Amino acid sequence: MKRRLFLGLLGVGGAAGLVPGLGWGFPRLSLEAAPGLERLELSRDEWRERLTPEQFEILRDHGTEPPFSSPLDKEWREGEYRCAGCDLLLFESAMKYDSGTGWPSFFEHVEGHLLSQLDFSLVWPRREYHCARCGGHQGHVFSDGPEPTGLRWCNNGLALNFVPAAT
């Protein structure tokens, strides 16, 4: 393919992503922080003191843990999934399902507790999401999840703390 044709197609493809209804496989979300939710702002050094090196890589530097490495992928008890950076409730166990991807996956989230943005780190855009309180990177959301939402909130296990329900 000639370079000019390739660049032209790339431009058309990019412009098509701006057309409503053409999501190129990533969901268009308009997430807003819950009213009254106060932001937690810490320096990189303060985050390093608060988090393990692996958590810091994921939450602050947008890393990704290897698939099937998190015990939370196989966690099925009742409870809550909270941000490992600031303890904000992000998901409840009733929102979790087995996506088979090797990462804890959810079809819904706690309203107002996640924010999203486009991620172009792999060239093809993906929808990345973060904790609304501390801005910690959690994972990516895709349009291949189960009903009722059709979404898959694919989360890094190290970015979460699981709190079992009281028995």
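How many residues lie between β1 and β2 in their hairpin? There are five, and D87 in this turn has a positive phi of about 70 degrees. Before we go on, note that this is a predicted model, in which local features need pLDDT of at least 70 and side-chain atom pairs count only at pLDDT 80 or more, while totals for chains, interfaces and linings use all residues. Residues are numbered from 1 along each chain as its sequence is written, and side-chain values use heavy atoms, with hydrogens and water left out.

β1 covers residues 79-83 and β2 covers residues 89-92; they pair in the antiparallel sense over three bridges (two strands pair if DSSP finds at least two bridges between them). One partner to find is L89 in β2, which bridges to R82.

Now widen the view: three strands form an open sheet in the order β2-β1-β9, with antiparallel pairing. Because β2 and β9 (160-164) each have a single partner strand, they stand at the edges, and one side of each is left without a neighbour in the sheet.

Finally, visit D98, in the loop between β3 (96-97) and β4 (105-106). D98 has 46% relative accessibility, so it counts as partly exposed (buried is under 20% relative accessible area, exposed over 50%, and partly exposed in between, using a 1.4 Å probe and protein chains only). Leaving aside neighbours within four places in sequence, D98 is in contact with K74 and W76 (contact means heavy atoms within 4.5 Å).

Definitions and conventions:
Helices (H or I, at least four residues) and strands (E, at least two) are DSSP runs, numbered from the N terminus.
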